[in-house]
Amino acid sequence: YSSAVQKFSQTLQSFQFDFIGDTLTDDEINIAESFKEFAELLQEVELERSMMVQNASDLLIKPLENFRKEQIGFTKERKKKFEKDGEKFYSMLDRHLHLSSKKKESQLQEADLQVDKERHNFFESSLEYVYQIQEVQESKKFSIVEPVLAFLHSLFTYNNLTVELTQDFLPYKQQLQLSLQNTRNHFSSTREELEDLKKRMKEAPLTCKLPGQPTIEGYLYTQEKWALGISWVKYYCQYEKEAKTLRMTPMDQKPGAKQGTLDLTLKSCVRRKTDSIDKRFCFDIETNERSGTITLQALSEANRRLWMEAMDGKEPIYHSPITKQEEMELNEVGFKFVRKCINAVETKGITTEGVYRTVGSNIQVQKLLNAFFDPKCPGDVDLQSGDWDIKTITSSLKFYLRNLSEPVMTYKLHKELVQAAKSENLDYRLGAIHALVYKLPDKNREMLELLIQHLVNVCEHSRENLMSPSNMGVIFGPTLMRAQEDTVAAMMNIKFQNIVVEILIEHFGKIYSGPPEDTTAPPVPPPRVAARRHKPITISKRPLRERPVFFGASVEESGADRHSQTPNGSSSSIGVELPKPLLRSRPPAPRLGGDEPGRPPSEGRPDPRAEAEVGKLVARLQDGGAKPASKAANGVVAGPALRTSTLQARRPAPRPGIYGREGECYDGVPKPRSHGDKPVITRPPVRPPDPPCRAPVPPRLEQRPDLTAGTTEEVPSSV
């Protein structure tokens with residue numbers, strides 16, 4: 001599983017998104033970098049998992065194997081020696097007992113000395129064997145439990161890391177979901193425009209001349225005369241009307257041919273009569289570079305008319321009559337209509353969910369527009385009446401703005417506004433749009449201010465209507481801005497039109513507080529090599545969490561080992577990588593019986609005593625049990641690692657009257673002991689125990705001061 005996750009992480013790390021267009025929005029940048037962020041998270045989790053597996057070997061398996069080999073193995077050697085010496089002693093004793101008393105005195109004395117010597121060896125072997133058995137039995141109590149405890153700490157540290165990563169991941173997830181939703185909204189808006197463009201292109205598929213541009217380009221066939229006959233060669237032609245230049249690039253180049261691009265200057269263009277040539281859609285041109293005429297063939301009759309119109313051909317151009325709807329103008333009636341719509345929305349529909357997003361009935365919209373813009377009585381419609389619902393009013397307002405002869409933000413400034421929105425520098429975006437707003441004609445700027453002020457009011461109720469500035473930008477971007485030419489490239493810029501409207505809403509107060517200091521030109525954008533001012537959202541580069549010190553040893557030990565600790569709490573001198581300390585982000589489960597009386601709740605912080613104890617255990621595992629140990633009366637080995645930590649010394653003393661003697665309890669619940677008291681290992685009773693809330697008290701007790709807790713501690717006097 002871990003290997004599969006790591007491979008998946010590598011795949012995410014190397015994945016690259018392809019985007020159409022020359023610039024990405026901030027949301028698209030966040031999406032493009034998201035897979036790398038996911039890969040970093042997965043790698044971090046798998047690194048911690050590998051550390052946990054390594055800790056299983058270093059903290060659990062190896063210490064237990066070492067204990068089995070060193071302690072139990074040594075005990076078995078002592079047992080063999082004891083059995084060997086015992087067998088030798090008893091066999092010699094049997095032989096000695098069978099000696100005859102008639103032996104010489106010297107022989108009897110020598111035999112007695114040999115028996116005493118073997119008895120002494122047997123006594124030493126038995127004593128060492130019993131001592132070793134007792135040592136193993138007592139050391140098992142901590143030498144076996146400590147590795148398991150350390151491994152559990154490592155396991156829970158890994159589990160706790162996933163909780164921390166989840167907490168770090170939540171804000172990133174919310175920001176990324178917002179970017180995904182914004183990109184989805186831009187896609188929906190752009191798709192509607194592209195579908196409309198596709199529909200128009202299907203109706204007039206051979207429109208090669210772009211409106212508003214003098215250049216026409218497309219495929220033409222040229223008549224080439226050769227010695228063996230006539231052939232037609234396909235060219236891609238581009239004609240510039242002002243310079244009267246025609247560039248012809250051959251499409252069907254034959255191997256070995258040296259024919260390249262032709263640049264010609266047009267002199268005249270004449271339509272070719274149908275009966276004069278066996279090809280259709282032909283016309284003749286004369287150029288300065290070539291003598292005679294050049295016969296060209298267009299793709300259709302309509303295509304030939306466009307070429308001849310661009311080249312000022314002498315034949316008349318046949319135009320099909322175009323019935324165009326009467327375009328709406330930005331006049332007084334229009335201002336009155338917009339103000340009435342705004343008042344109606346802010347009066348009875350500003351908290352409507354999905355206001356401006358929900359579309360009204362086309363029949364009702366046309367009915368409202370025809371009634372309001374009726375030449376006989378323009379503006380004589382009461383939008384506050386119950387005849388018109390909010391959907392009809394908002395759809396009518398959008399229809400009016402979209403069908404103006406020129407958009408509110410004008411064709412002239414469209415390109416500059418889009419370029420400003422594409423800038424990577426947020427300050428430049430705002431400054432450039434601020435300057436361009438005051439380049440609008442007075443009526444357009446007044447209408448824009450009226451609309452943006454209304455959209456700001458609507459967005460202030462986003463909790464109820466769910467319409468944020470980003471959502472409003474998606475709706476009013478294509479409404480207030482549109483390109484003069486309907487091209488796919490223009491449609492791909494719709495998302496930047498949305499960003500312009502979003503900036504106007506978010507910075508309305510600054511933009512309409514007054515014109516910028518210098519309105520002659522927008523600020524010069526910084527070079528593209530400069531760093532982005534708007535940093536994409538990230539989680540892998542988040543600041544590291546502050547982790548408490550893991551070790552709970554004394555000042556001397558911590559000072560001696562400080563040079564060998566790594567940032568993760570491991571010790572480089574031993575080569576064992578310790579787990580990161582456990583950080584709890586949520587309060588631990590309450591103990592049985594609740595908090596101690598008179599003490600404040602833990603408030604979600606880990607118990608320093610527990611951390612200190614675990615630190616001692618891991619430190620002792622690192623030492624490998626090499627430190628000399630002194631035995632207490634109860635058999636627990638007390639070494640330097642069990643000294644009181646500095647963290648414990650700074651803890652406040654418990655209130656008097658709360659703790660009693662070891663083993664006392666209240667209401668059937670065992671009382672927690674003071675942190676200064678040493679644990680007492682008790683064996684199960686061999687007889688029925690005393691009353692449930694009373695444990696046997698040692699016969700003689702002495703009191704000695706506990707310097708760490710400020711209270712007295714009862715210990716057996718034999719200690």
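This report describes aromatic contacts and strand pairing in a predicted model.

Residues are numbered from 1 along each chain as its sequence is written, and side-chain values use heavy atoms, with hydrogens and water left out. Local features need pLDDT of at least 70 and side-chain atom pairs count only at pLDDT 80 or more, whereas totals for chains, interfaces and linings use all residues.

Rings of Phe, Tyr and Trp (its six-membered ring) are taken to pair if their centres lie within 6.5 Å, with planes under 30 degrees apart counted as stacked, over 60 as edge-to-face and the rest as tilted. The count by this rule is 19 aromatic pairs. One of them joins Tyr219 and Tyr236 edge-to-face, at 5.2 Å centre to centre and 75° between the planes. Because Tyr219 belongs to strand S1 (residues 216–226) and Tyr236 to strand S2 (residues 229–240), this pair ties together parts 17 residues apart in sequence; strands here are DSSP runs (E, at least two residues), numbered from the N terminus.

A charge sits over a ring if NZ of Lys or CZ of Arg is within 6 Å of the ring centre and within 35 degrees of the ring normal.

| Charged residue | Ring | Distance from ring centre |
|---|---|---|
| Lys234 | Tyr219 | 4.4 Å |
| Lys422 | Phe496 | 5.3 Å |

Strands pair if DSSP finds at least two bridges between them. S1 and S6 run antiparallel and are joined by 2 bridges, and Tyr221 stands opposite Gln297 in S6. Strand S5 (residues 282–287) also pairs with S6 in the antiparallel sense, over 5 bridges, with Glu286 having Thr293 as its bridge partner in S6.

Methods
Helices (H or I, at least four residues) and strands (E, at least two) are DSSP runs, numbered from the N terminus.
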